[in-house]
Amino acid sequence: MGEEAMGRRAVDLSGAEIRGDVEGRNPPIFLPRQPAASPLLALDIGGTLIKLVYTASCEGGGGGGGDGAELRFAKFERRRLQECFDFIRAKGLLGCNGTRSTNENVLLKATGGGAYKFADDFREKVGVCLDKLDEMDSVVSGANFLLQNIPGAAFTHMNGQRNPVDVSPNNLFPYLLVNIGSGVSILKVTGNRKFERVTGTHIGGGTMFGLAKLLTGCKSYDEFLQLSQKGDNFVLDLIVKDICGELVCQKQGLSTSTLASSFGKVITSKKRLTDYKPEDLASTLLSAFTYNIAQIAFLVASLLGLRRVFFGGSYIRGHKSTMENISFAIDFWSQSQMQAVFLRHEGYLGALGALMSYGDLRGENLTLDESKEEEPHHESAAPVDGTPSDEENDNNIFPYLLVNIGSGVSMIEVIGKGKFERIIGSHLGGGTILGLARLLTGCSSYEEFLELSQRGNNLSVDLTVGDIYGEEGYPKIGLPASTTAASFGKVNSSKLSDYKMEDLAAALLNSFTYNIGQIAYFVANLSGLKRIFFRGAYVCGHEKTMDKISRSLKYCLSTAAMMASEGSGWGSPRSKGEVETTFLCHEGFLGTLGAFWSYENMGIDSLAAHEVIREVLLGAPYTGQFPSLPVTEQQENGENNSLEGEVKSLRHENASLKAEIERLQRENAELRANLGAATL
């Protein structure tokens, strides 16, 4: 078609506004000057969903020579591709849509990995060719379209209140866009079509849904969300009160409901998967992963110096608890300096961006030009060799980040002997890994789980970039086909018997150890620390665990190097993205300890009891679905119904702490003796 005809295919945004129930899910967007006679259709074919945005005629067109049209929205599971084809035909979206390709097939705008993978299916079964657009470009274009053109498109959701956010187009940039799909992509947006993907995580919506299928038997993500509304995550989550007792929490000024370890109670429970209520399992999954996504978003925004964070993606679904969790977590970690903002049509950003590309005559369309791509940065590169030399002494080991991996994860900045401060933590730690492993595989110990994972293949259940985009991967943003896109994202069946236990174990180890390494890197970089030391019962001596953490650090380093070369400002001026990694464990690793004669020389020898308690308080702000969720009446009338019970609980905890300190002292003595013998 000629340029004049192409120009008529453009979307006219003049006077665009949301129509219908503004509080409803994905209400139509009225375009008063858009011709309704020639419908437009654009698709975003992701890892699990196909999203469609199309124009349709409506009543009450708005003058000015235009009869008016509406933008409407629809979605289908990717595995039900035929239903999508039937919908397109039924709505008459083929006859006059788009342009014509050289072989006279209709040419539709499409983005997402499935646009490449299913291009032949669309051509053969529907008779259309897909004009394949870059996914990240489309997502950013869609977000900017909403924020710059649609009043009321952005809002906050906190403390049960949904409030619109007025965004001035002149004061929009820069901002952080967190797109929650099967996996999570995090983008720094600095203008129209000006952005960079700074990082991402494979623990996203696909992970929640995959695990939800296995743990609860739910058939759809919406069913999972409904289940989570009815559940109580206190049943499975380990909280601060479970560790310290309520009297100690009050004495230390600590919140009793702070989340210490997601699924942590499962470790000591004799219950099997069938003994837990599906709604409690669903509630625990939702809180675990929404907090984690929010934490990563907060750390990345802090690294980039951004205070405006927008959340999009098809796995938000306008779900109140999802938005509530993310909002409260962002507010908690940022000390109210950041605010989570959501987009009303959050699941259709890619499809909206693709639709906006109709009639683009400036040579700036969103098509992926693979000839200009850089060499990909492989996640499977060799582990970081960050071991300090044996000649290092006490004066040059400080400061460093100590990452203690127990049931949860605690991250402590050590700046000198007896000088340290807990910075942050993560509730996704060893307790989460083992808790989920017990539910999914029935293993009874961490050693059994590790042995099981050694024989497994995580790719049997993990969704890779290749599964979404094909064998070429996504070279534009440096993601080879082998990169994990969504942990447990390939899970289709709700029957555990359809999967090998060793494959599930391998996927668990891969997802959570990588997550720990990634968060540790962000925290170290944000604090300007160049050394990270890992220790704890869930890492020491376990080769597979250390290898996974090392790989995640290596991948973060390579990403930081790439971003630095592009002048993104990624990384702290003090650290410049360079981080050394060492694992503190005794078996076979004495040479890596160098001058570290004991925990005393590391600056943390004389922890008082209350400091030990603080060390295990791990990172999530709360455990209920809402911050105001009280301790249940059953809990009040149970273990805390009398002072006598509290005293007994406190004595028990004090005895446990005393035993832990004595164990550390014995380890110190053994380490001194071993190192002394090694120097002879």
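Predicted model: local features only at pLDDT ≥ 70, side-chain atom pairs only at ≥ 80, totals over all residues.
1. A residue is called buried here when its relative accessible area is under 20%, exposed when that area is over 50%, and partly exposed in between, with a 1.4 Å probe and protein chains only. By that definition Cys129, at a relative accessible area of 15%, is buried, and Cys556 is buried as well, at 5%. With a disulfide taken as a pair of cysteine sulfur atoms within 2.5 Å, the structure holds zero disulfides.

2. Residues are numbered from 1 along each chain as its sequence is written, and side-chain values use heavy atoms, with hydrogens and water left out.

3. Helices (H or I, at least four residues) and strands (E, at least two) are DSSP runs numbered from the N terminus, and two strands pair if DSSP finds at least two bridges between them. On these terms seven strands make an open sheet of mixed pairing, in the order S10-S9-S17-S16-S11-S12-S13. Strand S10 (161-164) and strand S13 (194-201) are the edges, and each has a single partner strand, so one side of each is left without a neighbour in the sheet. Neighbouring strands of this sheet are turned by 30 degrees against each other on average, direction ignored; axes are lines fitted to C-alpha atoms, for helices over the stretch in contact, and angles run from 0 to 180 degrees between N-to-C directions.

4. Within this sheet, strand S11 (residues 175-180) and strand S16 (residues 308-312) run parallel and are joined by four bridges, with Phe311 in S16 as the bridge partner of Val178. Helix H5 (residues 135-149) packs on the sheet, and its direction makes about 115 degrees with that of S11. Contact means heavy atoms within 4.5 Å, and the strands that H5 touches include S9 (154-158), S12 (184-191) and S17 (339-343). Helix H10 (residues 278-304) lies across S11, S12, S13 and S16, and runs at about 155 degrees to S11.

5. Another open sheet has five strands in the order S20-S19-S18-S23-S24, again with mixed pairing. Its edge strands, S20 (419-426) and S24 (580-583), each pair on one side only, and the twist averages 25 degrees from one strand to the next. Strand S18 (residues 400-405) pairs with strand S23 (residues 531-535) in the parallel sense over four bridges, and Asn404 has Arg535 in S23 as its bridge partner.

6. Helix H16 (residues 501-527) lies across S18, S19 (409-416), S20 and S23, at about 155 degrees to S18. The expected span of a helix is 1.5 Å times one less than its number of residues; for the 27 residues of H16 this gives 39 Å, which agrees with the 39 Å between its end C-alpha atoms. Gly528, which follows H16, has a positive phi near 70 degrees.

7. Helix H6 (residues 205-216) reaches 16 Å from its first C-alpha to its last, close to the 16 Å expected for its twelve residues. Twelve of the twelve are buried, so H6 is largely enclosed by the rest of the structure. The elements against which these buried residues pack include S11, H10 and H16. Gly217 follows H6 and has a positive phi near 80 degrees.

8. Rings of Phe, Tyr and Trp (its six-membered ring) pair if their centres lie within 6.5 Å, and planes under 30 degrees apart count as stacked, over 60 as edge-to-face and the rest as tilted; by this rule the count comes to 22 aromatic pairs. The ring centres of Tyr221 and Tyr315 are 4.8 Å apart and their planes stand at 85 degrees, so the pair is edge-to-face. Both Tyr221 and Tyr315 are buried, and together with Phe209 and Phe224 they form one aromatic cluster.

9. Some backbone geometry deserves a check. The peptide bond joining Phe173 and Pro174 is cis, with omega about -5 degrees, and the bond from Phe398 to Pro399 is cis with omega near -10 degrees. Arg193, although not a glycine, has a positive phi of about 60 degrees and is partly exposed at 31% relative accessibility. Gln335, also not a glycine, has a positive phi of about 55 degrees and is exposed, with a relative accessible area of 65%.
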